[in-house]
Structure formats: C-alpha cells, structure tokens
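Reader: I'd like to walk through a fold with you, feature by feature. Can we go from the surface inwards and then look at the charged pairs?

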Amino acid sequence: MKHETVEVNNSLGIAVKRYVNKHLSLLQLSGWAILFVVWYLVTNFNLINNHVLPTPQKTWHSFLEMKADDNLWGNILFSLRINFVGYAKCIVAAIVVGFAIGLSPKVRKMFSHQVNALRFVPITALMGIFIAISGLTIETKINFLAFGIWVYLVPVVVQRIDEVDTTHLQMMKTLGASFWQTVRYVTWRSVIARLSDDIRILVGISWTYIIVAELAGIQGGLGSLIFLGERQSNVGKVYAVIFIIIIIGIIQDALFRLIDRLLFKFKYQ
C-alpha cells in the first residue's frame with residue numbers, strides 16, 4: 001500500500017511539472033506574440049517611420065533577399081567561426097591567467113591591478129591596433145574578439161577562486177592533501193562549475209565585438225551584411241540581421257544550459 005502511494009505521488013509530481021512547463025511555454029510564446037503584434041501595428045499604421053523601424057513584411061522580404069543574393073548562410077557560418085574559435089581561445093587564456101593570479105599571492109600582487117584596469121579600456125577603439133599588428137585577416141578578428149572577452153573573464157575567474165568554500169579547503173588540508181591535490185579536487189571543480197554561468201552570459205557581449213571586427217575590412221559575416229544594408233539604405237536588412245543574431249544567441253544560450261546540466265549535474269539536484 002505504501003509503495004502504491006509513493007507511485008501515485010511521483011506520478012502526480014510529474015503531471016504537475018508537465019503542466020507548469022506547458023503553461024510557462026505558452027506564456028513565453030504569448031510574450032513574443034504580443035511584441036510581434038505591437039511591431040506590426042506601429043509600423044503598418046505609420047506610428048513609427050518605416051525608415052527607422054521597418055514592417056515585419058519588409059524585414060522578412062529582406063531576409064529572403066539576403067538568402068537569395070548575399071550568401072546569407074555562408075556569412076552566418078563566417079561569424080559563427082569567429083565566435084567559436086575566439087571564445088575558445090579566450091576561455092583557455094582567461095583560465096590560465098586567472099588561476100595564476102588567483103592561486104599565487106605574488107602573481108596577484110604583481111598583476112591583479114593591471115588586469116582589473118583593462119576592463120576600463122574601450123575595446124572597440126583597439127581594433128585599429130589589432131589590424132596594424134596582423135593586418136586584415138580572420139585571425140585578427142578572432143584575436144580581437146578573444147581579447148575583448150578575456151579582459152572581463154580573467155577578473156571573474158579570480159573572483160570565483162576567492163569564493164571557493166573555505167570549509168572544503170580546510171578539510172583537504174586536514175586530510176593531508178597537497179596544494180595541487182586541493183586545486184584539482186576542490187578549487188578547479190568549484191571554479192569551473194560556477195564559471196560556466198559567467199561564460200554563458202558573456203556570449204551575448206561577444207556578438208558586439210564580432211560585428212565591430214567584421215565592419216573593419218568587409219570580408220564576410222553578419223557584420224558585413226549590416227554594413228551592406230546601411231549602404232543600400234535598406235533598414236530591413238539591418239533588422240533582419242539583428243533578429244538572426246538574437247536567434248543564434250538564444251540557441252547558444254540553450255546549448256550552454258544543456259552542456260552545463262550534463263557536466264555539472266550536482267548544481268541542479
């Protein structure tokens with residue numbers, strides 16, 4: 001009888017969870033639908049000048065036009081390549097430098113202030129310096145993106161190291177663990193589990209730097225399509241590209257969340 005009661009409670013819990021998820025999804029969709037209706041009304045009834053905000057129909061037509069004439073998919077892949085490679089380089093470099101500063105008091109004293117100061121540098125103004133160093137190449141754009149995110153991510157890595165639970169560190173010390181054993185089994189796991197959320201959030205910022213990089217020397221990418229739309233005075237193309245970036249960002253965010261759940265299941269227990 002007790003076993004049957006547990007099964008009923010579990011079934012009820014699953015049903016409730018499905019019901020909540022279903023209605024949350026409907027609420028999310030309704031929010032997008034409301035925004036679309038408002039957009040349609042204010043543009044089709046000329047409440048906002050169409051040279052400032054195009055109609056949904058014009059934006060869709062511009063999307064089809066880019067698909068047919070401007071190698072849209074190739075430009076999307078170009079931008080995704082810069083995004084993926086640049087972000088990978090950034091993460092590796094930020095973890096190496098961040099752990100060096102966070103774990104070594106001497107290194108922290110020498111370089112922490114300099115790294116923190118880099119956050120105030122106007123990154124977009126440095127694109128010319130990157131071009132002067134290595135020319136107008138894809139590698140230049142990748143490095144520019146990596147550096148732009150790196151200056152934000154390194155202080156976060158150091159902060160995450162400082163936030164490691166001192167109880168766990170003391171326990172490892174009591175058990176006689178070495179410095180590197182403590183780093184491997186406590187510090188590393190704690191920092192990476194928390195850092196995954198920071199990395200996911202910074203993906204949004206990365207698209208700003210990608211567009212800036214692609215506008216410097218039009219060689220392809222979504223930034224070049226924005227530049228093309230502006231030169232043609234086709235605001236529909238500009239908004240179409242913006243919506244494409246938003247969709248890519250939403251997909252990336254969902255993938256990061258999925259990977260986070262797979263790698264750090266303990267965070268969701």
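Author: The chain exposes about 16,700 Å², and carbon and sulfur atoms supply 67% of that area. Keep in mind that this is a predicted model.

Reader: Which residues make the nonpolar surface patch of about 770 Å²?

Author: Phe36, Val37, Tyr40, Leu41, Phe45, Leu47, Ile48 and Val52 make it.

Reader: Now the overall layout. How many helices and strands are there in the chain?

Author: There are 10 helices and zero strands, so reading along the sequence gives you α-α-α-α-α-α-α-α-α-α. For contacts between residues at least 6 apart in sequence, 71% join residues at least 24 apart.

Reader: And what share of the 269 residues is buried?

Author: Buried residues make up 36% of them. As a general idea, nonpolar side chains in soluble globular proteins tend to be buried together. Here, the largest nonpolar core has 56 residues, and Leu153 and Leu222 touch the most other members. The elements that each give two or more residues to this core are α2 (56–69), α3 (72–103), α5 (127–134), α6 (138–162), α8 (179–215), α9 (222–231) and α10 (235–263).

Reader: What is Leu222 in contact with, leaving aside neighbours within four places in sequence?

Author: Its partners include Asn75, Ile76 and Ser79, then Trp207, Ile211 and Glu214, and also Val241, Ile244, Ile245 and Ile248.

Reader: How about a loop residue: where does Leu136 lie?

Author: In the loop between α5 and α6. Leu136 counts as partly exposed, at 41% relative accessibility. Leu136 and Glu214 are 78 residues apart in sequence, yet their C-alpha atoms are 9.8 Å apart in space.

Reader: On to charges. How many salt bridges does the count come to?

Author: Nine. One of them pairs the side chains of Lys237 and Glu65 at 3.7 Å, N to O. That pair links distant parts of the chain, with Lys237 in helix α10 and Glu65 in helix α2, 172 residues apart. Lys237 is buried, with a relative accessible area of 1%, whereas Glu65 is partly exposed at 25%.

Reader: How close are the N and O atoms of Asp70 and Lys237?

Author: The closest ones are 2.9 Å apart, and the two residues form a salt bridge. This pair also links distant parts of the chain: Asp70 sits in the loop between α2 and α3, 167 residues from Lys237 in helix α10. Asp70 counts as buried, at 16% relative accessibility.

Reader: And which residue meets Glu139 in a salt bridge?

Author: Lys89, at 2.9 Å, N to O. Glu139 is in helix α6 and Lys89 in helix α3, so the bridge ties together parts that are 50 residues apart in sequence. Both partners are partly exposed: Glu139 at 42% and Lys89 at 33%. Elsewhere, salt bridges that share partners join Arg160, Glu163, Arg194 and Asp198 into one network.

How values were computed
Residues numbered from 1 in each chain as written. Predicted model: local features only at pLDDT ≥ 70, side-chain atom pairs only at ≥ 80, totals over all residues. Heavy atoms only, no water. Patch = residues over 30% accessible without salt bridge, like charges linked within 9 Å, V, L, I, M, F, W, Y side chains within 5 Å. Areas by Shrake-Rupley, 256 points an atom, 1.4 Å probe, with all protein chains shown as cover. Salt bridge = Lys/Arg side-chain N within 4 Å of Asp/Glu carboxyl O. Core = buried A, V, L, I, M, F, W, Y, C linked by side-chain atoms within 4.5 Å. Buried < 20%, exposed > 50% of the residue type's maximum accessible area, 1.4 Å probe, protein only. Helix = DSSP H or I, 4+ residues; strand = E, 2+ residues; numbered from the N terminus. Contact = heavy atoms within 4.5 Å.
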